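Hi,

Here is the model we talked about. Please open it before reading on.

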Amino acid sequence: MKILVTGHTGMLGKEIVNVLLKFKGIELVGISRHSIEGVPYQQIEHDFYNLDLINNFLNKIKPDVIIHCAGLVNLKSCEENPHLADAIHVETTRILSSYLPEKTKFIYVSTDSVFDGKKGNYTELDLPKPLNYYSKSKLEGEKGALKYNPNSVVLRTNIYGTHSPSGNSLLEWALNELKGKNEITGFSDVIFNPLSTKQCAKIIHYFINHPFFGILNLGIKKGVSKHDFLCKVGDIWNFDQSLIKKGLSSDLDLKPVRPLNTTLEVSKLFSMYNNELCLTSGLKGLKNGYN
């Protein structure tokens, strides 16, 4: 089985690769803007803002499965450069999902923020109402994936993890600040049910061979606030809990606007995936591999 992973050097992509490399019978190809040294699989350097060459490398690789987790995750950049967000979330998704759809499985990693966050506990059937351009473009990508490939799996989720080399994700920011004994503020009014990148990668591997297709929510069963999430980070890493302060997102004039409660109802996931997922195990799994 030949599997193509876009964004294989990113926070989620690297974990997907790590999971897939543990299994025999998989030929792995990673595509990203930058390559990394010393990896035991084929890499292609490609900027997804250049759409012209995508079909060329698809015809050369001939993947059986495409996992599209590359994205422009900076909300401000998406607002200021909507054409870039569209290129990677909409147009690239359209081209990738259109490749031999009758026999190619396409897995598209979307986001919980396709919802407006006014009620939470969203099911796969709830009507999306994105609030910013990042979310709008991701939703259009969902539509394209489902339109052009009947074997598509659209995964809505919210992930946390670390980059290599280190980046500026929520978890990395918290760890760096707490390590320096700096106070941080977590919003008590922003609620989500996130997965670690390791947890998400294992689920994605599971659904490569599962007959499911369509939209699926991924997340832990119980929602947490961003403040509670940071407190759990401090607890797992044994940092001073007094450094973690409680605040409200309304205290800041955040632009672009963000949804408050994006918790996802995940009973559909757990009816097929019989593994325990919780925040504690997710954070501990990342801590074991964190320098």
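This is a predicted model: local features need pLDDT of at least 70, side-chain atom pairs count only at pLDDT 80 or more; totals for chains, interfaces and linings use all residues.

Residues are numbered from 1 along each chain as its sequence is written, and side-chain values use heavy atoms, with hydrogens and water left out.

Start with the sheet. It is open, has seven strands and pairs in parallel, in the order S3-S2-S1-S4-S5-S6-S11. Strands S3 (42-45) and S11 (214-217) are the edges, each pairing on one side only. On average, neighbouring strands are turned by 15° against each other, direction ignored. Strands here are DSSP E runs of at least two residues, helices are H or I runs of at least four, and both are numbered from the N terminus. Pairing takes at least two DSSP bridges between two strands.

S1 (residues 2-6) and S2 (residues 27-32) run parallel, joined by five bridges. Val-5 stands opposite Gly-30 in S2.

Now the helices. H1 (residues 13-20) lies across S1, S2 and S4 (65-68), at about 160° to S1. Contact means heavy atoms within 4.5 Å. Angles run from 0 to 180 degrees between N-to-C directions, with axes fitted to C-alpha atoms, for helices over the stretch in contact.

H7 lies across S1, S4, S5 (105-109), S6 (152-156) and S11, at about 160° to S5. Nine of its twelve residues are buried, meaning under 20% relative accessible area with a 1.4 Å probe, protein chains only. Among them are Cys-200, His-205 and Phe-207.

Best wishes

Conventions. Buried means under 20% relative accessible area, exposed over 50%, partly exposed in between (1.4 Å probe, protein chains only).
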